[in-house]
Amino acid sequence: MSPQKARAKRQIKNKKPLKAKKQTRGKKPLKIKKQTTVRKPLKAQTTAPSLNAPSSTYQQTGVAVNSKAPESVRTEALSNISIPNRFESLYNSFSGEIRPLIVPIDSDLKSLTKLREKARIQNGGLLALLHGDSGIGKTTAVHSAAVHMPELFTAVVSVPPTIDLRAVPAWLQSNLPTRDSKRSILVLFDGREVSDDKVGLKQLLASLNQQLRQRSDVIFCWPTTDKSWQAEIRDIASRIGGGNFIPADSDIAIHGPPKEEWSKILERLLLRFSKTYDDIGITTDLVQSLCAESDTIGALLGKVGGVIADRISNVQATRRLPRLLFVVTSSGDVNGEANRIRRAGNQILAPEPLLGHSPRSESGKWWQERNKNPNHHLGYMISLFEARLVTMGPSSVVYACLHHDDGELCELAVEKGARKDAGNARRTLMTTDLYRFLLDQTVPEFTSTRKGRILNATKEAYAGIQSLSSKHHKKINTAICSLLSEHLPSFKVSPEQFEVNAGEQNLFVDAITDWSGATLNLEFHHLSEAHCKAASMASYIMDKLRAYSIHYNLIPR
């Protein structure tokens, strides 16, 4: 090699790449390991605490899901869980305000986990017969395994009860999820307590045997109440597939929760409706009596459902009670203050906070005396009238007066600097609790602080309008309802349905309309920023509820 080439080679060898210097100059070198390392996903915390902490490692399955997850998360996670039949009367009485509540039962869960291991070992799925009295919790036990042991079981696959016995194999072929290498699939075959289709039963079991041989991750759960029907299924299944198809220990006796826990379960269930014993006008003694009369938790829930129907639904119908909607407007922190006296998610008034924020008011003292009688309890009255509290901010009120009043209110708003804007009027209305309630929309968040900035012109215009509310209360309410009608054509309040004199004490109904098949009474309360307090709202609302309760003869004078 020539001296020139050798020298050039050494220069190239010793030269540092300029690109590397540009990348690292003045910066810490990138750690490639942190960029490329794949993190394991966080495990969802779906196991809910039981009423009494179990001593076993099995999270104690069975009647109904208690979770401390945020409401939005819990609703998404459990929205596909069927509500047990014994919950139907409760579900109907409270207009569907229910979150499935599954209390874990240790023995039931152990039985299902044993079958899971057996299927894995024999490398083939199996048939499990769940037996027990009607209402003991057979259906819920299956759902409970998926809810409380998500690391072992996927979501339950329920065969629709409308599917004929002979069509079940084809349905499974089309609807079973793909194999899960780590978790088992519980197939619930509910609503087939008995059948006279003997040929169809044999065809079903023969096809099912073939399918389960290929699916070690599937446990086919068949709830039964009739012992002879259960014996017939077992006999045919044994002759078709033997012990691998239906093992000797695959007959699971569902025990359900112990009787001493039933009252606690009922309390938890009612809480999912945002209700307490006081809200439905029953006592602890009555609940204990119903527990003693019932053979299963399902029977108890059926009896309680009957009591609720009698004490709420029937009273509402016979007394022709309207639904009450309190609408509070203000330029203050109206949402935050309203949240103190209503329940999250459904805007139902909360009796304890109502009294707690205004105990010394005349109406507060009156209700404290009435609460001594469960038939006159404030919570019970709230349930009978389905009384809710919604809010409106200053912008929507100002725009309502700008666009739907041609007199003093509109002139005052213009003087303060407010201007008509149809687009903004619609947008501000659509963000209000009132609008969302009428559309049956869920409020996206339930905060206690005010968000966004209110223009000074809007605040001053609202302050001026609010100062005239004692003189022009009807005109303000008419403007608001007119703005609602403009953007909700089905919402109508005729002129004679404003400030209706009910003929009882101070009971003048601000506005009456028919909504969702029921009479809806709207009571408006317009507060200044200085008086926008939960105490002011509570005193006003309790006074109105007193007048309504007396007018409809629910409480004697």
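**A negative surface patch and a covered helix**

Asp406, Glu408, Glu411 and Glu415 together form a negative surface patch, where patches are made of residues with over 30% relative accessible area and no salt bridge, like charges being joined within 9 Å. A salt bridge is a side-chain nitrogen of Lys or Arg within 4 Å of a carboxyl oxygen of Asp or Glu, and accessible areas come from the Shrake-Rupley method with a 1.4 Å probe. The model is predicted, with local features needing pLDDT of at least 70 and side-chain atom pairs counting only at pLDDT 80 or more, whereas totals for chains, interfaces and linings use all residues. Residues are numbered from 1 along each chain as its sequence is written, and side-chain values use heavy atoms, with hydrogens and water left out.

Aspartate 406 counts as exposed because its relative accessibility is 77%, the term exposed standing for over 50% relative accessible area, buried for under 20% and partly exposed for values in between.

Helix α17 (residues 378-385) is mostly covered, eight of its eight residues being buried. These buried residues, among them Tyr380, Met381 and Phe385, pack against α13 (297-319), β6 (323-330), α15 (351-357), α16 (362-370) and α24 (534-551), with contact meaning heavy atoms within 4.5 Å. Just after α17, glutamate 386 adopts a positive phi of about 45 degrees.

Conventions
Patches are made of residues with over 30% relative accessible area and no salt bridge: like charges are joined within 9 Å, nonpolar side chains (Val, Leu, Ile, Met, Phe, Trp, Tyr) within 5 Å. Lys and Arg count as positive and Asp and Glu as negative; His and the chain ends are not counted. The place of a charge is taken as NZ of Lys, CZ of Arg, CG of Asp or CD of Glu. Buried means under 20% relative accessible area, exposed over 50%, partly exposed in between (1.4 Å probe, protein chains only). Helices (H or I, at least four residues) and strands (E, at least two) are DSSP runs, numbered from the N terminus.
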